[in-house]
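Please read them with the coordinates open.

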Amino acid sequence: MARRIKWQDDYWLLLMQIYLRRPVGVKPVYCREMVALALELHIHPQLLAAKMQDIASLETPRIERIWKTYSDNPQKLARAARLLREMKGFGQAETFYDGVELNQTWEKDWEPLPENSSLTPVVLTLVLDLYFRLTPATMVRNTPEVQELARRVKIGTGDVVDLLEVFQHCDPYLNRRDVTFSPLLLPCQAIWQRYGNGDPEQLADLAEQLKVYYA
């Protein structure tokens, strides 16, 4: 069972900083700033995005008061946010959660893989989305989609092709009989188990949101 999040009013200051950055408004769920704050607070980016919608609509009197205090004074907001971050214990998960168990799966998605520090589960997810858009014959370095993804996530085209090859070994429909000794087989299998047997359109929607992080 995942622990429930204890939202603290001070977090509005950190979220409002992002909201007020140009262009002012609700930011994409997986933009780099939202992901960084999510990891800092141990709160999923989707939950932060929902809270940011509350800022946009001035959902509560508390948000209205914070908005009146800080929206026209970014320097004051920056000072308040800096003081908050300097508080003892800020960023510690045990401060923010109650319950029995902490599920940090989503945070691990952004951490480098032990097998290859240039890759993360998020990158593997984007490669898997590409896998469903190509045929085995086009899973090669000179395919434009392979080159574009490699540029986006800042890895080599050969790395993308290698991952596509590993995903072929995860695909039960291909039923490949040869064996791969790639150290990335286990992490690729984990991503396949999460998304490979589901709706490709849902994976495509997620991938489009995740790509914003690498914009």
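**Notes on the predicted model**

1. N175 is placed in the loop that runs between α10 (157-170) and α11. Its phi is near 50°, a positive value in a residue other than glycine. N175 counts as partly exposed, at 48% relative accessibility. The terms are set by relative accessible area: buried is under 20%, exposed is over 50%, and partly exposed lies in between (1.4 Å probe, protein chains only).

2. Basis of the values. This is a predicted model, in which local features need pLDDT of at least 70 and side-chain atom pairs count only at pLDDT 80 or more, while totals for chains, interfaces and linings use all residues. Residues are numbered from 1 along each chain as its sequence is written, and side-chain values use heavy atoms, with hydrogens and water left out.

3. Overall make-up. The protein chain has 12 helices and 2 strands. These are DSSP runs numbered from the N terminus: helices are H or I with at least four residues, strands are E with at least two. Along the sequence the pattern reads β-α-α-α-α-α-α-β-α-α-α-α-α-α. Of the 215 residues, 43% count as buried. Among contacts with a separation of 6 or more, 64% are between residues 24 or more positions apart. Contact means heavy atoms within 4.5 Å.

4. H42 sits in the loop between α2 and α3. Is this residue, at 13% relative accessibility, buried or exposed? H42 counts as buried.

5. The cis peptide. R22 and P23 are joined by a cis peptide bond, with omega about -5°. P23 belongs to the loop between α1 and α2 (32-41). Please look at this bond in the viewer.

6. Helix α5. This helix covers residues 74-86. Its 13 residues should span 18 Å at 1.5 Å a residue, and the end C-alpha atoms are 18 Å apart, which agrees. The expected span is 1.5 Å times one less than the number of residues. Buried in α5 are L77, A80, A81 and L84. Seen down the axis of α5, the buried residues fall within an arc of 100°, so they line one face of the helix. The arc is taken from the directions from the helix axis to the C-beta atoms. These buried residues pack against α1 (11-20) and α4 (61-70). The face turned away from the buried side carries Q75, L83 and E86, which are exposed.

7. Helix α11. How does its span compare with that of a straight helix of 12 residues? The straight helix would span 16 Å at 1.5 Å a residue, but α11 spans only 14 Å between its end C-alpha atoms. The buried residues of α11 are L185, P187, C188, I191, W192, Y195 and G196. Seen down the axis, they fall within an arc of 160°, so they line one face of α11. They pack against α8, α10 and α12. On the other side, L186 and Q193 are exposed.

8. The largest pocket. Its volume is about 240 Å³. Of its 17 lining residues, Y30, H44, D109, Y195 and L206 lie nearest the centre. At least two lining residues come from each of α3 (45-56), α8 (121-131), α11 (185-196) and α12 (200-211). α12 gives the most, with 5 residues. A pocket here is an open set of points on a 1 Å grid over the protein atoms alone, with protein on both sides within 12 Å along at least five of seven lines; lining residues have an atom within 4 Å of a point.

9. Q147 is found in α9 (residues 144-153). Q147 is partly exposed, with a relative accessible area of 30%. Leaving out residues up to four places away in sequence, Q147 touches R141, N142 and T157. Q147 and G158 are 11 residues apart along the chain, and their C-alpha atoms are separated by 9.3 Å. L47 is found in α3. L47 counts as partly exposed, at 42% relative accessibility. L47 and V29 are 18 residues apart in sequence and 8.9 Å apart in space, C-alpha to C-alpha.

Definitions and conventions: On a 1 Å grid over the protein atoms alone, a cavity is a set of points where a 1.4 Å probe fits but cannot get out, and a pocket is an open set with protein on both sides within 12 Å along at least five of seven lines; lining residues have an atom within 4 Å of a point. Grid points are joined across faces, edges and corners, and a volume is the space filled by probe spheres set on the points.
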